[in-house]
Amino acid sequence: MMGPTIADLVAALPADEPTRQASMADERLKEIFERLSHRPVPVGSIERLFAVGGLQAKLALAYLAYFVRSWFSSTDQRQQQLMETHLRSALRTLETMGYLRGAVMKVGQVLATFPEMLPDEFAEILGTLHFEAPPMHYSLLREYIENELGRDPAEAFAAFEPEPFAAASLGQVHRAQLPSGEVVAVKVQYPGIARTIRADMQNLRRSLFPLRLSKDWNSLNDQFGEVQEVLATEADYEHEAQSLREGRALFHEDDGIVIPRVYEQFSTRRILTMEYLEGESFAAFLAGNPPQELRNLFGERIIRASTQLYCERRLLYSDFNPGNILHCGEGRLGLIDFGGLRRLNDEEWELMRQAHEAMSGPDRSKVLAYCQRNLMFTDEEMSANPRIVELVEEWSEYNWKPLRTSGEFDYGDPEYLRHGMDLWKRAAQIRVLRQQPVNVFMHRRAFEIASLLYRLRARVDSGRIYEEAIQSSG
Amino acid sequence: MRITADAKRVTRARILATASERFRIEGFESTTIRDIAREINIATGTLFNYFDSKEDVAVALAEEAIAKARRNFLRRRRQDAPLRETLFLQISTQIRYLKPMRSFFRPVIDRALSAPTLDVGSQVSQRLRTTELETVGDILRDRGIDADRWSMTVPIYWGLYVGVLTFWAGDGSPKQEDTLAMLDQSMNMFVAWLESKG
């Protein structure tokens, strides 16, 4: 029997009484986004939640829009109009960024999946989130590949399929065969798009600068910087190639985790040639109604891949959308997109180490100290904002629950997923504006994995996997 | 002494080869007609029998490159390719063959490509414009489109074509990848306009 859909769970959550000011702001924002949307989007189900594309910048843009929206609700009429002017200016900039059209409309995966946070009509406008890099016909592709690799694809490869078999966030993917016989996937970025994005994001940042009057501007500015960095990283295929090499070095054949090999001779900053992985999509795997043991095994490998990358290489794989994973047979996990991988710096790693220490033991004062550091609160702010502190504490507990559970954790339990959704909703209501940027990705990662494993109905001993990874990383 | 047609062809080819090298190495502005003439041991006046100015020399170099590009394009194009792709291939192939003269392509644009009508300028300039429009006219006719049917077809195409080449001449992006995007989007726009006319 099928469990409840996300829509069912959301409908079961208690509704809020919208304030009068919030309603006015919602109406205005609705008008703005309607103009940008140009096309109707069906109200989604759980499938839409999981079908979206995978850039973390999309989430960060969602936060950005959400934070900006929150200013409407807490200011007087004059301030509202002023803020709306700035928002319109920013949105006009966004409007010109056609490749971000989906992201602008969607305002983030998270917000779109919680229609009770927003007016129904607004949620309907929000579309499938993906970058819309223009498709490349073969003549363009051929010219571009010749520029990048120094040879026409017909000369560089033994075979090259002119039609792409998949879209990438900033380009498209073609199947090909190397002269040495290997079948490969060649990811090609749309020419010039990386630079265009960089320039546009700088313009967007400038147009948002008037919002610096807010006391939380520094945090917002940091998070915006995070978005820019992620976009720049995603557009650099040499960076992705390096991440793939690092990830691949971590896993062995019998781990059941497959990361494609990179072929450097056929790769540049804008072209990435990787081993072509045979396998079925996540949706196809589920459609085959796999037995519980296979679901658990696949789920375990998802957890293991994520945990080992994090513990042994400080790499945050926070792009667990179904489009990036393959079932390669007998529960083997294929991970195919390393574009959004983020490496934690020393300061962030220390914060995460503090989180581990706090959440592993019974000492609540350590948990609160970690929350304070996460929120960048002074002692006075900690006392003045008990609801925020309570929420962040509860969120940490939520993320750590599977790791602290002795034995298998049942990710198929709808209560766990519902609790996560409730936390997101409360974060929107309480307006948690300030936090360490890395936590945006940590929360997202935890929830993406939970959502994925919910669909799998997997039961996994995450705690054991985590401890093993900690041990092997020293 | 009468100069044979063959001898004239040889001299013309020497002028072009020498000019190309000097323009590339010394720069277009720094190179004079006298420099070119001296290097191949002919009188300056003799050189003027072949070309009106050094700008015309640059245009002639472009004409040669574009002729080679056209032969390559005819060999490589797919008969079943969409119109936008064929138009893209036509211009991108030109750009590839014009690449050695990118540093001195501006005079070609000013001299030959920016003229308001086809019959303005030197013979070589007029030939360059006419040849390009004939090529595009053939491509459109193959698709059952009569370029003369709407008075705006030629000006729109020409504006986009010259715009792309002008952009390319100054494109500082790595490997001029921005030009590829500009060309792609320009041809999309042109084809969309044609389709809007039914």
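Helices (H or I, at least four residues) and strands (E, at least two) are DSSP runs, numbered from the N terminus. Residues are numbered from 1 along each chain as its sequence is written, and chains are lettered from A and ligands numbered from 1 in the order in which they are written. The model is predicted: local features need pLDDT of at least 70 and side-chain atom pairs count only at pLDDT 80 or more, while totals for chains, interfaces and linings use all residues.

**Figure 1. Chain A as a whole.** Chain A has 22 helices and 13 strands. Of its 474 residues, 45% are buried; a residue is buried if 20 or more other C-beta atoms lie within 10 Å of its own, exposed if 12 or fewer, and partly exposed in between, with C-beta atoms placed from the backbone. Among the contacts in chain A with a separation of 6 or more, 75% are between residues 24 or more positions apart. Two residues are in contact if their C-beta atoms, placed from the backbone, lie within 7 Å.

**Figure 2. An open sheet of four strands in chain A.** The order of the strands is E5-E10-E9-E7 in chain A, and the pairing is mixed. Strands E5 (257–258) and E7 (280–281) of chain A stand at the edges with a single partner strand each, so one side of each has no neighbour in the sheet. Two strands pair if DSSP finds at least two bridges between them. E7(A) and strand E9 (residues 325–327) of chain A pair in the antiparallel sense over two bridges. Ser281(A) has Leu326(A) in E9(A) as its bridge partner. Helix H15 (residues 292–313) of chain A packs on the sheet and touches E5, E9 and strand E10 (333–335) of chain A. The direction of H15(A) makes about 40° with that of E10(A); axes are lines fitted to C-alpha atoms, for helices over the stretch in contact, and angles run from 0 to 180 degrees between N-to-C directions.

**Figure 3. The loop between E9 and E10 of chain A.** Glu330(A) lies in this loop. Its phi is near 55°, a positive value in a residue other than glycine. Is Glu330(A) buried or exposed? Glu330(A) counts as exposed, with 9 C-beta neighbours inside 10 Å.

**Figure 4. Helices H13 and H15 of chain A.** The axes of helix H13 (residues 237–250) of chain A and H15(A) come within 10 Å and cross at roughly 105°. H13(A) is therefore roughly perpendicular to H15(A); angles under 35 degrees count as roughly parallel, over 145 as roughly antiparallel, 65 to 115 as roughly perpendicular and the rest as oblique. H13(A) brings Glu246(A), Gly247(A) and Leu250(A) to the contact, and H15(A) brings Gln308(A), Leu309(A), Glu312(A) and Arg313(A). By class, these are two nonpolar, two polar and three charged residues. Ala, Val, Leu, Ile, Met, Phe, Trp, Tyr, Cys and Pro count as nonpolar, Asp, Glu, Lys and Arg as charged, and the others, Gly among them, as polar.

**Figure 5. Strands E4 and E6 of chain A.** Strand E4 (residues 183–189) of chain A pairs with E6(A) in the antiparallel sense over five bridges. Val186(A) stands opposite Thr273(A) in E6(A). Strand E6 (residues 271–275) of chain A is mostly covered, with four of its five residues buried.

**Figure 6. Helices H1 and H4 of chain B.** The axes of helix H1 (residues 5–25) and helix H4 (residues 54–76) of chain B come within 10 Å and cross at roughly 105°. H1(B) is thus roughly perpendicular to H4(B). Ile15(B), Leu16(B), Ala19(B), Ser20(B) and Phe23(B) in H1(B) meet Val57(B), Ala58(B), Ala60(B), Leu61(B) and Glu64(B) in H4(B). The residues of this contact are eight nonpolar, one polar and one charged.

**Figure 7. The two domains of chain B.** Domain 1 covers 1–50 and domain 2 covers 54–196 of chain B; these bounds come from an automatic or database domain assignment. The C-alpha centres of the two domains of chain B lie 27 Å apart. Nine residues of domain 1 are in contact with 11 residues of domain 2 of chain B. H1(B) gives the most to the domain 1 side, with six residues.

**Figure 8. Two loop residues of chain B.** Asn41(B) lies in the loop between helix H2 (33–39) and helix H3 (44–50) of chain B. Asn41(B) is exposed, with 7 other C-beta atoms within 10 Å. Gln176(B), in the loop between helix H8 (153–169) and H9 of chain B, is buried, with 20 other C-beta atoms within 10 Å.
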